[in-house]
Amino acid sequence: MSSENLPQSPESPESPVQGRKPRVAVVFGGRSSEHGISVVTAGAVLNAIDRTAYDVLPIGITTDGRWALTADDPARMAIADRKVPNVTQLAESAEGGVVLSVDPGSREVVYTEPGAVPKALGEVDVVFPVLHGPYGEDGTLQGLLELSGVPYVGAGVLASAVGQDKEYMKRVFTSFGLPVGPYEVVRPREWDNDRPTARKRIVDFAAEHGFPIFVKPARGGSSMGITKVDDVSGLDEAIEEARRHDPKFLVESLLRGREIECGVLEFEDGPRASVPAEIPPVTAHDFYDFEAKYIDSAAGLVPAPLTEEQTAEVQRLAVAAFEATSCEGLVRADFFLTDEGGFVINEINTMPGFTPISMYPRMWQESGVDYQELVGRLIQAALDRPTGLR
């Protein structure tokens, strides 16, 4: 996609409040196992926000759910010595908390600390939530912001929930005619009430589709909790690992082919797809897992070496997935280009990895939208979009 074909960004954002810059609350961290990656993403976003156009309020959510006022210090939010950062390291106070009003007539943020008078921090005009996984990317935070009447970047309540739950995501894709691979779902009640029957169903699935299979949390991300299982002997350990992240889990067959990703970004005239990328085989890992993505920084190929017809088809499918799930703002859609020559959609991410070296920003960089412009576009689109039914 050529940059001259893209709608031009506004010269400067219009302030929702006359006489001051719009205020962006970057909310990150959270209670999910992807806490650390969310902090890394927040550091990159904070670094990219145009401070001449916006005021910024960083708010971190600790692993136990406390909203904390944090340092605006992107340098401390990077991976160091193969370790991801956390909100507790960045919090201004070990006990103080931030509260967002749920009164839609007020966007006031208040800081509280035991034994002290609450301190008003002023209003926020838009929230940039860079949380990954449950309790942030799954519609829960989006619901709170809808109640509060505060605009926010990204998908709404329903799209966020569907995008987080791989079972219902696949059901939606299927209902819209999008191709998905073979899978089996085991829900918590099934596993708790009749484990032998549920396990047999998985074994039968593997017998039908062949090993290896992948066992993964139904509502996880960043490849956490996923195990590649080569035979029945590894099944129980893989299930327990998946259930450590989510009591509901999926089993998927191996799709032989190439891993292709495509970014979708909402413009003034609707969603558009980026140039696609390819995740090449990762020789040091069984698959493109957490370590490969974030610690060893295995690089994808941008753009993917595809034919014009293949590129057009995967872009069409990515936009179709965005529309099928009623997404807003942004999505990264992940596909397999099978050995038979067709695309199969694996999943979407409504808040994909968002550091400058992450695949989503890299795809848009190659498509003519650099990282700072990408962040600015998302913020402005959120400011322009109302909360509530739309």
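This is a predicted model: local features need pLDDT of at least 70, side-chain atom pairs count only at pLDDT 80 or more; totals for chains, interfaces and linings use all residues.
1. Residues are numbered from 1 along each chain as its sequence is written, and side-chain values use heavy atoms, with hydrogens and water left out.

2. An unreviewed UniProt entry puts the feature "binding site" at Asp334 and Glu347. Such positions are given in the numbering used here, with feature names shortened, and annotations may be inferred rather than shown by experiment.

3. Take Asp334 next. Asp334 lies in strand β15, residues 330-338; helices (H or I, at least four residues) and strands (E, at least two) are DSSP runs, numbered from the N terminus. Asp334 counts as buried because its relative accessibility is 8%, where buried means under 20% relative accessible area, exposed over 50% and partly exposed in between (1.4 Å probe, protein chains only).

4. Now for Glu347, which sits in strand β16, residues 343-349. Glu347 is buried too, at 14% relative accessibility. What does Glu347 contact, leaving aside its neighbours within four places in sequence? Its partners are Lys166, Met169, Phe173, Arg332, Ala333 and Asp334, a contact being heavy atoms within 4.5 Å. Asp334, counted in that way, touches Glu347 as well as others, including Ile260, Glu261 and Val344.

5. On the cysteines: the structure holds 0 disulfides, a disulfide being a pair of cysteine sulfur atoms within 2.5 Å. For Cys262, the nearest cysteine sulfur is that of Cys327, 13 Å away. Cys262 is buried, with a relative accessible area of 0%, and Cys327 is buried at 5%.

6. Finally, look at helix α1 (residues 35-48) and helix α12 (residues 371-384), which pack at an angle of about 90 degrees with their axes 9 Å apart. Axes are lines fitted to C-alpha atoms, for helices over the stretch in contact, and angles run from 0 to 180 degrees between N-to-C directions. The two helices, α1 and α12, are therefore roughly perpendicular to each other; angles under 35 degrees count as roughly parallel, over 145 as roughly antiparallel, 65 to 115 as roughly perpendicular and the rest as oblique. Ala44, Val45 and Ala48 of α1 meet Tyr371, Gln372 and Val375 of α12.
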